[in-house]
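Some notes on the model follow, as numbered points.

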Amino acid sequence: MRTPEQPDVRAAKGILADPAGRSIFDGPFSFPLMVADRAALRHNIATLAGFAREHGMELAPHAKTTMAPALLAAQLEAGAWGFTVATPSQALILRGHGVERIMVANEIVDPAGLRAIAAELERDPSFEFLCFADSVAQIEIMSRHAGARPFRVLAELGQPGGRGGCRTVGDLLDVAAAAQAASGVELAGVGGYEGTLDSADQVRAYLGRLREALDHLRVRDPILSVGGSMWFDVIGRELADCQARVLLRSGAYITHDDGIYRERTPYNRITGELRPALEVWAHVLSTPEPGMTIVGFGKRDAPYDEGLPVPKAVRRADGELSPVKGEVVKMWDQHALLTGENDLRPGDLVSFGISHPCTAFDKWRVLPVVDERHVVVELIATYF
């Protein structure tokens with residue numbers, strides 16, 4: 001993978017000039033500002049890479065979480081097989097940064113996207129590509145737009161009420177048979193997503209159905225791919241003896257969070273930990289009523305789809321840090337409503353942890369990485 005160039009920060013949100021080696025509290029920084037903790041990033045990358053190795057699996061991290069080449073390079077260095085994306089355009093962005101193994105964990109029916117990927121497969125014989133398929137109609141579309149090298153597909157098994165994927169093993173086998181019969185398409189194995197399930201028993205039952213489907217296929221060196229962010233402990237146990245290459249597509253682990261993933265991480269059930277790596281700093285703008293604080297960040301700056309940001313600390317003008325009470329109860333475009341008795345004053349800087357990193361990075365084109373003193377040690381660019 002090619003090393004990304006240092007981003008130009010002259011027009012970056014929150015960064016007004018070269019910030020190298022400067023504290024975010026004493027440099028050319030405008031707020032709100034989201035930063036990533038270097039130590040937490042390194043810890044999380046190493047932790048899940050180690051878990052995968054210990055359980056005989058390979059990581060194909062979901063790159064849509066960050067779309068940040070500098071972070072993808074660190075994941076590759078830690079042993080990642082390649083990367084997962086959700087769309088052909090994301091796949092082509094990663095190709096532009098030199099990624100050689102890409103899985104689209106989604107059905108592709110877009111003719112332009114298929115033609116572009118077919119051209120990449122023909123241009124570069126070393127490029128490895130996988131995508132999901134869950135209908136005969138999709139196989140026919142892919143076949144019409146295939147090039148010199150076939151599209152390799154994983155027949156996807158879904159769940160009632162879930163997202164894509166065949167609803168029965170029988171339907172999956174029909175798709176698999178169509179893939180094996182079609183020109184320009186090659187069956188590579190089975191894929192699925194267990195992240196929407198609510199219990200370990202449901203996940204075990206689902207993994208059993210994936211293995212049943214795999215057992216019916218006539219595929220050389222088959223691949224079995226699963227999600228893995230919330231249930232990788234169950235996956236590690238249930239697929240330990242699976243006679244297939246298991247590709248784990250965990251994505252959110254790289255930054256973890258202070259919300260949904262903190263609540264549902266497998267490390268609440270097994271030994272080890274992931275550490276929240278993202279925080280948003282913003283000024284107190286107004287304290288118009290007792291127990292009501294208006295903070296200068298909003299939906300343009302932090303995720304809100306799977307839980308609202310979590311207040312962590314306040315930094316006073318003299319540099320003193322202290323905990324913040326209460327909770328964020330509402331967000332607008334550029335404002336957040338924080339409740340609780342905190343004696344906050346306009347101009348105070350407040351830090352917030354986030355919930356759901358998959359909708360955090362897309363709000364920032366350049367993101368400072370900081371050390372334990374909040375000194376900027378690196379800038380990473382995102383490509384959404």
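1. In this predicted model, six aromatic pairs turn up in a search of the whole structure. The rings of Phe129 and Phe151 are an edge-to-face pair, because their planes stand at 65° with the centres 6.4 Å apart. Phe129 belongs to strand β5 (residues 128-133) and Phe151 to strand β6, so that the pair links distant parts of the chain, 22 residues apart. Phe129 is buried at 3% relative accessible area, and Phe151 is buried at 0%.

2. Phe297 and Phe352 form a tilted pair, with ring centres 4.6 Å apart and planes at 45°. Phe297 sits in the loop between β11 (292-295) and β12 (310-315), while Phe352 is in strand β16 (residues 349-353), so the pair ties together parts 55 residues apart in sequence. Phe297 is buried, with 0% relative accessibility; Phe352 is buried too, at 1%.

3. Phe51, Phe232 and Tyr267 are linked into a cluster by ring pairs.

4. Two charged side chains lie over ring faces: Lys13 over Trp364, at 3.8 Å from the ring centre, and Arg315 over Phe25, at 4.1 Å.

5. The whole structure has zero disulfides. For Cys166, the closest cysteine sulfur is that of Cys131, 13 Å away, which is too far for a bond. Cys166 is buried at 4% relative accessibility, and Cys358 is buried at 17%.

6. The largest pocket has a volume of about 780 Å³. Its lining comprises 36 residues, with Lys64, Arg163, Tyr193, Gly195 and Thr196 nearest the centre. At least two lining residues come from each of β4 (101-107), β6 (151-157) and α9 (260-264). By class, the lining of the largest pocket holds 12 nonpolar, 15 polar and nine charged residues.

Terms used:
Residues are numbered from 1 along each chain as its sequence is written. This is a predicted model: local features need pLDDT of at least 70, side-chain atom pairs count only at pLDDT 80 or more; totals for chains, interfaces and linings use all residues. Side-chain values use heavy atoms; hydrogens and water are left out. A disulfide is a pair of cysteine sulfur atoms within 2.5 Å. Buried means under 20% relative accessible area, exposed over 50%, partly exposed in between (1.4 Å probe, protein chains only). On a 1 Å grid over the protein atoms alone, a cavity is a set of points where a 1.4 Å probe fits but cannot get out, and a pocket is an open set with protein on both sides within 12 Å along at least five of seven lines; lining residues have an atom within 4 Å of a point. Grid points are joined across faces, edges and corners, and a volume is the space filled by probe spheres set on the points. Helices (H or I, at least four residues) and strands (E, at least two) are DSSP runs, numbered from the N terminus. Ala, Val, Leu, Ile, Met, Phe, Trp, Tyr, Cys and Pro count as nonpolar, Asp, Glu, Lys and Arg as charged, and the others, Gly among them, as polar. Rings of Phe, Tyr and Trp (its six-membered ring) pair if their centres lie within 6.5 Å; planes under 30 degrees apart count as stacked, over 60 as edge-to-face and the rest as tilted. A charge sits over a ring if NZ of Lys or CZ of Arg is within 6 Å of the ring centre and within 35 degrees of the ring normal.
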